[in-house]
Amino acid sequence: MLTKRVIPCLDIKNGRVVKGIKFDDLRDAGDVVALARQYYEEGADEIAMLDITATVENRKTVIGLIKQAAESVFVPILAGGGVRTLSDFEALLEAGADKVSFNTAAVRQPSILTQAADRFGSQAVVIACDTRKKENNEYTVLIEGGRTDSGLELFKWLKEAVERGAGEILLTSWDLDGTQKGYDLELLEKVSNSFSVPLIASGGAGSSDDIADAFLKGKADAALAASIFHFRKYTIKEVKQYLKEKGVEVRL
Amino acid sequence: MIGVVHWGGNIGSLLNALNRISVSYSLVKEPDRIRDFDKLILPGVGNFAAVMDSLKQQGLLEPLLQEILNGIPYLGICVGMQVLLEGSEEAIGVAGLSLVKGICRKFKAKKVPQVGFNSVRSKTRYIENGGFYYFVNSYYCDVMENVSVAIANYEGEFCAALEKSNIFGVQFHPEKSGELGLKFLKDWCYAD
């Protein structure tokens with residue numbers, strides 16, 4: 001039986017792992033390669049490495065760090081953050097990433113998803129989407145690291161992204177990111193039931209229970225979390241053992 | 001020396017894994033040098049037609065087929081296993097190596113591709129029975145009597161690994177399957 005994936009996420013700035021709240025107020029959380037290795041050894045099913053500054057300088061640093069991490073991390077690496085062009089995409093794959101996420105660039109130029117899927121296969125193309133609940137209870141798609149409202153409605157956009165070849169959805173709730181209040185379960189379930197590609201839940205995990213809920217109630221296929229792992233609230237292994245007790249199929 | 005057939009897909013992960021288990025390898029570049037290798041690996045994340053096209057264009061298709069028929073130990077990973085069959089629903093009309101009977105089919109599961117670690121029932125010493133291996137695939141090979149040596153389930157059973165004399169194929173990615181994956185590669189590469 002296919003297991004649910006637990007994915008620690010390394011947000012990278014100036015060569016270090018950082019973590020903020022609602023995409024802001026960044027704190028240092030450690031060494032990139034050392035953390036990637038540690039999480040691999042603790043049983044992470046995948047490791048996300050995201051460039052959160054998306055400057056030319058940081059991009060080079062991130063590529064170097066992925067290259068180093070890939071030499072000793074033998075689970076898939078998801079890379080992303082500020083990926084604008086097919087050559088950005090390819091450079092990350094060459095460095096050792098197995099899949100790459102598009103966010104803002106795909107909203108601005110949706111055809112880039114089609115091109116990437118044709119060239120590298122849908123399994124390598126992840127649509128990363130930051131979303132915020134509006135007062136009318138609709139979800140809007142945010143771009144530029146959550147700073148700008150694209151005006152797109154979430155479900156309409158995800159439908160297009162999947163039709164264009166995105167092989168996986170990485171959905172981050174802006175309202176909850178870094179708050180450790182739990183994922184937006186209602187939203188997760190609705191997205192999971194609406195699309196035929198795997199869903200990675202992101203934004204808000206504060207406990208093992210939150211992660212269990214993402215699977216049991218939110219019907220997510222994978223859960224991404226940062227703060228609870230970086231600040232050693234739980235190890236990956238502890239979380240996975242807890243998930244197993246709760247009846248979630250995991251690799252242990 | 002192990003020859004890694006590079007058809008154009010991303011092979012960095014496999015090479016990192018081979019480095020980790022201290023296996024000496026080099027890429028198969030010239031068709032007439034394919035005979036120099038002790039074993040061959042065809043890795044692959046990618047499209048059935050793209051692999052077959054690339055092998056043809058590099059002039060590797062015939063020499064590769066000949067070497068396999070001559071008995072060289074061959075390991076196909078993911079699409080590298082699928083091309084052993086006669087064809088695939090992914091590329092209708094494109095012939096595979098046809099060393100194993102059958103056609104690869106598309107999953108009819110609720111979510112496609114299958115992405116993640118799946119448990120495997122195994123009767124080969126290379127793969128741990130009940131162990132978890134990493135899969136990422138939209139197409140699969142049916143379970144084949146006498147050929148399938150490991151089976152997994154994704155809303156239906158499929159072939160996780162096959163073995164037919166000198167030919168070995170795995171649907172999962174050993175280079176991404178953690179320590180168990182590395183152990184698989186090590187055992188296969190170092191086997192007599």
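**Figure 1. Helix α1(A) passes helix α2(A) in a right-handed crossing.** A crossing is right-handed if the near helix is turned clockwise from the far one by less than a right angle. Helices (H or I, at least four residues) and strands (E, at least two) are DSSP runs, numbered from the N terminus. Helix α1 covers residues 32-42 of chain A and helix α2 covers residues 56-70 of chain A; the two pack at an angle of about 35°, with their axes 9 Å apart. Axes are lines fitted to C-alpha atoms, for helices over the stretch in contact, and angles run from 0 to 180 degrees between N-to-C directions. The contact is formed by A:Val32, A:Val33 and A:Ala36 of α1(A) together with A:Leu65, A:Gln68 and A:Ala69 of α2(A), where contact requires C-beta atoms, placed from the backbone, within 7 Å. By class, 5 of these residues are nonpolar, 1 is polar and none is charged. Ala, Val, Leu, Ile, Met, Phe, Trp, Tyr, Cys and Pro count as nonpolar, Asp, Glu, Lys and Arg as charged, and the others, Gly among them, as polar. This is a predicted model, in which local features need pLDDT of at least 70 and side-chain atom pairs count only at pLDDT 80 or more, while totals for chains, interfaces and linings use all residues. Residues are numbered from 1 along each chain as its sequence is written, and chains are lettered from A and ligands numbered from 1 in the order in which they are written.

**Figure 2. The largest nonpolar core has 150 residues.** Such a core is a set of buried Ala, Val, Leu, Ile, Met, Phe, Trp, Tyr and Cys residues joined through C-beta atoms within 7 Å. A residue is buried if 20 or more other C-beta atoms lie within 10 Å of its own, exposed if 12 or fewer, and partly exposed in between, with C-beta atoms placed from the backbone. Among the residues with the most contacts inside the core are A:Leu10, A:Met49 and A:Ile127, and α1(A) gives the most to it, with 6 residues. Leaving aside residues up to four places away in sequence, A:Ile127 touches residues including A:Phe102, A:Leu113, A:Leu158 and A:Ile169. In chain A, 55% of the 252 residues count as buried.

**Figure 3. The contact between the chains takes 24 residues from chain A and 28 residues from chain B.** The side of chain A that touches chain B divides into 9 nonpolar, 7 polar and 8 charged residues. Chain A has 10 helices and 12 strands, and chain B has 5 helices and 12 strands.

**Figure 4. A cis peptide bond joins B:Val112 and B:Pro113.** Its omega is about 5°. B:Pro113 is placed in the loop between β6 (103-106) and β7 (114-122) of chain B. Most peptide bonds are trans.

**Figure 5. A:Asn137 and B:Ser98 have positive phi values.** Phi is near 70° in A:Asn137, which lies in the loop between β7 (125-133) and β8 (139-143) of chain A. A:Asn137 counts as exposed because it has 6 C-beta neighbours inside 10 Å. Phi is near 60° in B:Ser98, a residue of the loop between β5 (87-88) and β6 of chain B. B:Ser98 counts as partly exposed, with 13 C-beta neighbours inside 10 Å.

Key: Contact = placed C-beta atoms within 7 Å.
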